[in-house]
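Dear colleague,

Please find below the structure that I am handing over to you, together with its sequence.

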Amino acid sequence: MTTELSSLDIEILDLLQQDASLTSQQIAERINLSQSPCWRRIQRLREEGLIERQVALLNREKLGMEVVVFTTINLANQGRKYLEAFEEQVKNFPEVLECYTMAGSWDYMLKIVARDIRHYERFIREQLTSLELIGEIHSHIAVTEIKNSTQLPLVSQL
């Protein structure tokens, strides 16, 4: 069920997506609201689960993680127990930033980061292919990052 959001709620969420370190006072000033009602709105948005958590976004390249690979996977066997087993196992790999079930030709798509291509190769050979559930893996190496955002398009809903 989608929560009904006021235009102030959307503005608050959009500001927090841009900079989660903003105080409720700073947000209140930007949206022309007093601090207490702004704080209460933020608390309600947290309680309703619209704000899941606040994190720091790190620069992967400055941290030496040069390679982004989108890896498509088909499992060797189909069935709920195999899907659930794979999903639980893949959650344990820190290199896997995102994992999606897919409609179409592939069972899963993973977004994987690695220091370099050798690190990615070791990850595939030593960890991912050690999962007996995997039948087929295809790697799609990103060459140039054009856009990378965590910000949902909330403003377009105003």
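**Packing of the helices**

Helices α1 and α2 are oblique to each other, a class for angles that are not under 35 degrees (roughly parallel), over 145 (roughly antiparallel) or 65 to 115 (roughly perpendicular). This is a predicted model, in which local features need pLDDT of at least 70 and side-chain atom pairs count only at pLDDT 80 or more, while totals for chains, interfaces and linings use all residues. Residues are numbered from 1 along each chain as its sequence is written, and side-chain values use heavy atoms, with hydrogens and water left out.

Helix α1 covers residues 7–18 and helix α2 residues 24–31; they pack at an angle of about 125°, with axes 10 Å apart. Helices (H or I, at least four residues) and strands (E, at least two) are DSSP runs, numbered from the N terminus. Axes are lines fitted to C-alpha atoms, for helices over the stretch in contact, and angles run from 0 to 180 degrees between N-to-C directions. On the α1 side, the contact (heavy atoms within 4.5 Å) is made by Leu8, Glu11, Ile12, Leu15 and Leu16, and on the α2 side by Ile27, Arg30 and Ile31. Six of these residues are nonpolar, none is polar and two are charged; Ala, Val, Leu, Ile, Met, Phe, Trp, Tyr, Cys and Pro count as nonpolar, Asp, Glu, Lys and Arg as charged, and the others, Gly among them, as polar.

Helix α2 also packs with helix α3 (residues 35–47), at an angle of about 110° and with axes 8 Å apart. The two are therefore roughly perpendicular to each other. Ser24, Gln25, Ile27, Ala28 and Ile31 of α2 meet Gln35, Cys38, Trp39 and Ile42 of α3. This contact has six nonpolar, three polar and no charged residues.

**Two individual residues**

Asp9 is found in helix α1. Its relative accessibility is 3%, so Asp9 counts as buried (buried is under 20% relative accessible area, exposed over 50%, partly exposed in between, with a 1.4 Å probe and protein chains only). Beyond its neighbours within four places in sequence, Asp9 is in contact with Glu4, Arg41, Arg44 and Leu45.

Ser149 lies in the segment after β4 (134–141). With 42% relative accessibility, Ser149 counts as partly exposed. The side chain of Ser149 reaches the backbone nitrogen of Gln151 at 2.9 Å. Ser149 and Thr71 are 78 residues apart along the chain, and their C-alpha atoms are separated by 20 Å.

Yours sincerely

Note on methods: A polar contact is a pair of N or O atoms within 3.5 Å; within protein, one must be able to donate a hydrogen and the other to accept it, and residues adjacent in sequence count only if both atoms are side-chain atoms.
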